[in-house]
Amino acid sequence: MIQNNLKKIGLAFLLAIFLGFSSQITIPLIWVPITGQTLAVGLIASIFGLTVGIESLSIYILMGWLGLPVFANAHAGLSVLLGPTGGYIWGFLVYILLVRLINRDHNSWQLGIANLSAATIQLIIGAAWLMFAAPMTLPAAIENGILPFLVPGLIKITIICGITMLSWRYLPKLNPINK
């Protein structure tokens, strides 16, 4: 049991590092960059599930809060978590939870709907936070915090679903149904 817990913590730590590296893939925009973060969170949530997902995201947030440059553009600190982009990071917790709640049967349709729903809610949380942290009006928050991410988000969701279904097929132990 202790060995299993150590493996799970090790996996969560590795996934947090993966998330930190993915965060450095950025396309700068005015307020919030397009990053590889969402792709990484979607993969973690879809392939590894709720517990490992929440643990890895918590480690990622803790590393950034402690000053390790894991957030987008190698930023770190409480100022990022409370600043204009902080809502997107906190929204990742909801993303992971929604993927688990919606994708109960672990099939391709549920996987796609789960990631689409989770990404949408995460964007709404991020834009709402942006509206107050920036501060800006609701139309400006939608224009800067949601609209630029719609097409990239759909591309990321397609990639997430493809990689997840391949992992379920070729690495059956990763499919929660087989656990």
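Helix α5 (residues 108-133) and helix α7 (residues 150-170) cross at roughly 145°, with their axes coming within 10 Å. The crossing is right-handed. From α5, the contact draws on S108, L111, G112, N115, L116, A119 and L123. From α7, it draws on L150, L154, I157, I160, C161, T164, M165 and W168. By class, eleven of these residues are nonpolar, four are polar and none is charged. The model behind these values is predicted.

**α5 and α6**

Helix α5 also meets α6. Their axes come within 9 Å and cross at roughly 130°. The two helices are therefore oblique to each other. This crossing, too, is a right-handed one. On the α5 side, the contact is formed by L123, A127, L130 and M131. On the α6 side, it is formed by L138, A141, N144 and G145. Six of the residues are nonpolar, two are polar and none is charged. L123 of α5 takes part in the contact with α6 and is also listed in the contact with α7.

| Pair | Axes come within | Crossing angle | Contact residues by class |
|---|---|---|---|
| α5 and α7 | 10 Å | roughly 145° | eleven nonpolar, four polar, no charged |
| α5 and α6 | 9 Å | roughly 130° | six nonpolar, two polar, no charged |

**The faces of α6**

Which residues of helix α6 (residues 138-145) are buried? They are A141, N144 and G145. Seen down the helix axis, these buried residues fall within an arc of 80°, so they line one face of α6. What do the buried residues of α6 pack against? Their partners are α4 (86-102) and α5.

L11 lies in helix α1 (residues 2-22). Its relative accessibility is 29%, so L11 counts as partly exposed. Beyond its neighbours within four places in sequence, L11 is in contact with F48 and V52. The C-alpha atom of L11 is separated by 9.3 Å from that of E55, and the two residues are 44 residues apart along the chain.

Is S22 buried or exposed? S22 is buried, because its relative accessible area is 8%, and the cut-off for buried is under 20%. Leaving aside neighbours within four places in sequence, S22 is in contact with T35, G36, Q37 and A40.

**Positive phi in two loops**

N73 sits in the loop between α2 (37-65) and α3 (78-82). Its phi is near 60°, a positive value in a residue other than glycine. With 40% relative accessibility, N73 counts as partly exposed.

H106 sits in the loop between α4 and α5. Its phi is near 55°, again positive in a residue other than glycine. H106 is buried, with a relative accessible area of 13%.

Terms used. Residues numbered from 1 in each chain as written. Predicted model: local features only at pLDDT ≥ 70, side-chain atom pairs only at ≥ 80, totals over all residues. Heavy atoms only, no water. Axes fitted to C-alpha atoms, helices over the stretch in contact; angles between N-to-C directions. Left-handed = near helix turned anticlockwise from the far one by under 90°. Contact = heavy atoms within 4.5 Å. Nonpolar A, V, L, I, M, F, W, Y, C, P; charged D, E, K, R; others polar. Buried < 20%, exposed > 50% of the residue type's maximum accessible area, 1.4 Å probe, protein only. Arc of directions from axis to C-beta. Parallel < 35°, antiparallel > 145°, perpendicular 65-115°, else oblique.
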